[in-house]
Amino acid sequence: MASKTPPSFAASLSLVLLILSAVSAAPLAREEAAGAISLPARVAPTNPDGTFNLEAAKRLNRRVVEKHRQNLMNLKENSGGELPQGMEIPDPVSAPQDPVHVRRTDEQGRGTVNLPPHDPPTTSDGVFNASEGRKLNREALTKYTQINPNSQNDETSQGTESSVKTGDTADHSSVKIRRGDKSDKKDEEGLTDEEGDVEWAGNIEIGTPKQKFLIDFDTGSSDLWVVDKSCTEGPCAKKKQKYDAGKSKTSKQESGTFSILYGDNSTVSGPIHSDTVTIKGVTAKDQEFSSVTTLSASFADDPTAGILGLAWPKISNLKATPWFLNAVEQGAVKTKEFGFHLSSGKGSELYLGGTNPELYEGSLEYHKVDPSDGFWKVLDASIYVGGKEAGKDFSTIIDSGTTLMYGPPDAVKELFSKVDGAKLYDETEGFYSFPCDKVPEVSFSWGQKGKKFVIPSENFNLGTTEKGSSSCVASLAASNLGLGNAWLIGDSYMKGVYSGFRFGMEKIEQDAAVGFAELKKK
């Protein structure tokens, strides 16, 4: 491909699109626009002092259940009212459970203990945590405003100024703007560091002229939505990046409405538009998306302005072609693949139009997926503890938008029965603990001769159950997500490998595959 391109022309393009890393892709012809975009760092629910953050983990669990409940509702509607065998739509997620009803087993296995008390916003070294304090204030104000709807809600007028011009609304004292690879003159998007967690995020551009949005990229959903300029109340008041259809020459109003219902009865909803959407030189014209006019409270503290789904059309609420697939069909990318490298620090990236061989060893081991139900679902999976089989013949959904890993309760129970010293830590949330000095070696493989990909201990361990404890919490939890025998594989696994998501060359669904490779040693 590159050999057919005049050298002077190829040279001008050789470093286009790499952010966050000094590594560049091989020269590419313009019609094969491809490259890397920075992603949020993947941070586990672990406190700065190394203890497991149960409350943060609960929020992650709720988001996962809500997300895939909506996916299953979309799948049912898009499949003539029927779900694939074994799948079922779970009940809506309720508000956080009253602590007195939550069962947790202590280190000695003595029945039930209460959850930790409501700790003040103080760090482990005795310093006031201003960010946590503001969060508590917002939660209290939101709670009592809901009780008394006539009260004056001015929570967004104080203490929420952001130093990030891209629309980040995180704690002003800890947010910093950082730049991508300065050798690439086209990459000028700011990256954010949210609350000291180094949460890198990248921009997409919508419309003509282009409007920028800080976006989360998700292989576990299929739709694109951003906040609309008319959304000014509640969580929307904190968002600075908002879509203005009237300012885009290429914007079109489409029929229908986008709506996602969450367990607390809040929604993300709004009208449907089509417009030009560009990411790192890859453009999809007439891309359908929603500019939401109502935003669920669960996104109030999220620094991004929306989500871009990278899964298959079957789970699209918009009943639309997802962005990357649309770009492929329009010829904007000739290599029908994208790659992920996820990290807890610098280096996370989404590579468009192929994979980045500078980040992994050898070649990717690909396994065919079944996209008929809308997910990147790899069949014929096995899981091992210490190299010994602990489960087999199940499917796995590879989901970059999920932090942890989840399996059917009985299967996860069976796995932890093979881990020395493992105990059920939180019955309601499905978390297990294990001895901190004996982190189990857990690995996945696919197919008859697939390589065993081990989850690094630092990704499997979410921290001690409490300060000074010798028990740690695992990043693999038991949960009935309604996905049949499928396990949901998120960042805890993906951070340990390089992942490639490939569409079929002749027919999009035929020969579609997900591949994994070992990361290069640093």
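The model is predicted, so local features need pLDDT of at least 70 and side-chain atom pairs count only at pLDDT 80 or more, while totals for chains, interfaces and linings use all residues. Residues are numbered from 1 along each chain as its sequence is written, and side-chain values use heavy atoms, with hydrogens and water left out. Helices (H or I, at least four residues) and strands (E, at least two) are DSSP runs, numbered from the N terminus.

- Thr267 belongs to strand S8, which covers residues 267-279.
- Its relative accessible area is 23%, which makes Thr267 partly exposed; buried means under 20%, exposed over 50%, and partly exposed in between (1.4 Å probe, protein chains only).
- Contact means heavy atoms within 4.5 Å. Leaving aside neighbours within four places in sequence, Thr267 is in contact with Ile260, Leu261, Tyr262, Thr294, Leu295 and Ser296.
- Thr294 is 27 residues from Thr267 in sequence, and the C-alpha to C-alpha distance is 6.5 Å.
- The side chains of Thr267 and Thr294 are joined by a polar contact of 3.2 Å. A polar contact is a pair of N or O atoms within 3.5 Å; within protein, one must be able to donate a hydrogen and the other to accept it, and residues adjacent in sequence count only if both atoms are side-chain atoms.
- Ser296 sits in the loop between strand S9 (282-292) and strand S10 (306-309), and it is buried at 1% relative accessibility.
- Beyond four places in sequence, the contacts of Ser296 are Pro235, Tyr262, Ser266, Thr267 and Val268.

- An open sheet of seven strands runs in the order S20-S19-S14-S15-S24-S16-S23, with mixed pairing; two strands pair if DSSP finds at least two bridges between them.
- The edges are strand S20 (453-454) and strand S23 (476-478); each has a single partner strand, so one side of each lacks a neighbour in the sheet.
- Seven bridges connect strand S14 (residues 377-385) with strand S15 (residues 388-398) in the antiparallel sense, and Tyr384 has Glu389 in S15 as its bridge partner.
- Helix H5 (residues 409-416) packs on this sheet and touches S14, S15, strand S16 (405-407), S23 and strand S24 (487-489).
- The direction of H5 makes about 130° with that of S23; axes are lines fitted to C-alpha atoms, for helices over the stretch in contact, and angles run from 0 to 180 degrees between N-to-C directions.

**Salt bridges**

- A salt bridge is a side-chain nitrogen of Lys or Arg within 4 Å of a carboxyl oxygen of Asp or Glu, and the count comes to ten.
- Glu55 and Lys58 form one of these, with the closest N and O atoms 3.5 Å apart. They are three residues apart in helix H2 (residues 54-78), which means a separation of about one helical turn.
- Glu55 is partly exposed at 41% relative accessible area, whereas Lys58 is buried at 3%.
- Asp286 and Lys252 meet in a salt bridge of 3.4 Å, N to O. Asp286 lies in strand S9 and Lys252 in strand S7 (residues 252-261), so the pair ties together parts 34 residues apart in sequence.
- Asp286 is partly exposed at 44% relative accessibility, and Lys252 is partly exposed at 44%.
- Glu414 pairs with Lys418 in a salt bridge whose closest N and O atoms are 3.3 Å apart.
- A network of salt bridges links Lys67, Asp218 and Asp399.
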